[in-house]
Amino acid sequence: MKYLLAIVVLAGVCLAQTSSQDSGPTTVCPTVPKKTKPSAKPSPSPASPDAAPDDSGPMIDQGPDTGPGYHNGVETAPDPGTPGVSSSKDTKVNIPPPTGEGAPADVQEMKPYDPHKADKSIEVGDYYFKERNYRAAESRYREALEWKPGDALATYKMGEVMEKIGNLVQARQNYQAYLKILPDGPLSKDAKKALARIEQARNGQ
């Protein structure tokens with residue numbers, strides 16, 4: 001039995017080899033990958049009118065920030081105001097008013113023209129002059145000249161009181177001013193005598 005089975009197997013093997021030789025040698029070909037066409041990119045579908053705007057790209061502003069001075073809504077031209085001066089409110093400098101009591105002390109307030117008050121001031125000044133209160137008399141004579149600038153009598157009186165207090169420079173000026181106002185006035189002789197006295201005092205005579 002064993003021999004019979006072996007014979008059958010050998011016969012089968014020989015038959016298989018014979019059939020393979022009749023069909024020719026078997027060659028193995030390398031596999032070549034098939035060329036595939038590149039997939040086309042999907043075309044973007046048109047946005048619907050109600051769709052939100054795309055924020056990825058530049059937005060074109062059709063508002064007032066367009067024109068030669070703007071680029072994409074950003075101002076590129078300078079302000080047409082004063083060159084070199086910023087229009088910001090922060091550049092404005094608030095300068096406080098000067099502190100103090102107002103006008104300087106040496107600036108006197110001008111009084112309105114009033115010859116009647118000038119005569120009254122001369123009258124009071126004469127009273128102080130007789131009382132030898134020359135400082136008070138000087139104040140009244142100055143006040144008379146404020147009420148009536150260029151008054152001849154007040155000018156002469158100022159010369160007298162300045163001579164009494166020893167201010168010969170101003171005394172001489174007031175006597176000379178009186179002679180310019182009234183060269184032939186009732187006090188012109190007294191004014192000339194006073195000028196002569198002042199000249200002698202200045203020369204030490």
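**Helix packing in the predicted model**

Helices α2 and α3 are roughly antiparallel to each other, because their axes cross at roughly 170 degrees. Angles under 35 degrees count as roughly parallel, over 145 as roughly antiparallel, 65 to 115 as roughly perpendicular and the rest as oblique. The axes of α2 and α3 come within 8 Å. Axes here are lines fitted to C-alpha atoms, for helices over the stretch in contact, and angles run from 0 to 180 degrees between N-to-C directions. The crossing of α2 and α3 is left-handed. A crossing is left-handed if the near helix is turned anticlockwise from the far one by less than a right angle, and right-handed if clockwise.

The model is predicted: local features need pLDDT of at least 70, side-chain atom pairs count only at pLDDT 80 or more, and totals for chains, interfaces and linings use all residues. Residues are numbered from 1 along each chain as its sequence is written, and side-chain values use heavy atoms, with hydrogens and water left out.

The protein chain has six helices and two strands. Their order from the N terminus is α-β-β-α-α-α-α-α. Helices (H or I, at least four residues) and strands (E, at least two) are DSSP runs, numbered from the N terminus. Buried residues make up 17% of the 205 residues in the protein chain. Buried means under 20% relative accessible area, exposed over 50%, and partly exposed in between (1.4 Å probe, protein chains only). Among contacts between residues at least 6 apart in sequence, 41% join residues at least 24 apart. Contact means heavy atoms within 4.5 Å.

On the α2 side, K117, A118, S121, I122, V124, G125, D126, Y128 and F129 meet α3. The α3 side consists of Y134, A136, A137, R140, Y141, E143, A144 and W147. By class, the contact of α2 with α3 has 11 nonpolar, two polar and four charged residues. Ala, Val, Leu, Ile, Met, Phe, Trp, Tyr, Cys and Pro count as nonpolar, Asp, Glu, Lys and Arg as charged, and the others, Gly among them, as polar.

Helix α3 covers residues 134–147. Its 14 residues should span 20 Å at 1.5 Å a residue, and its end C-alpha atoms are 20 Å apart, which agrees. The expected span is 1.5 Å times one less than the number of residues. Buried positions in α3 are Y134, A136, A137, E138, Y141, E143, A144 and W147. Their cover includes α2 (115–130) and α4 (152–164).

The loop between α2 and α3 holds R132. Its phi is near 60 degrees, a positive value in a residue other than glycine. R132 counts as exposed, because its relative accessibility is 68%.

Helices α2 and α4 pack at an angle of about 20 degrees, with their axes 11 Å apart. That makes α2 roughly parallel to α4. Their crossing is left-handed. From α2, I122, D126 and F129 take part; from α4, L153, A154, K157, E160, V161 and K164. This contact divides into five nonpolar, no polar and four charged residues.

Two residues of α4 were examined individually. T155 lies in helix α4. T155 counts as buried, because its relative accessibility is 5%. Leaving aside neighbours within four places in sequence, T155 is in contact with L145, G150, N174, A177, Y178 and I181. E160 is also found in helix α4. E160 counts as partly exposed, because its relative accessibility is 22%. With neighbours within four places in sequence again left aside, E160 is in contact with F129 and Y175. E160 and A194 are 34 residues apart in sequence, yet 8.4 Å apart in space, C-alpha to C-alpha.

Helix α5 contributes L168, A171, R172, Y175, Q176, Y178 and L179 to the contact. Helix α6 contributes S188, A191, K192, A194, L195, R197, I198, E199, A201 and R202. The contact of α5 with α6 has 10 nonpolar, two polar and five charged residues.
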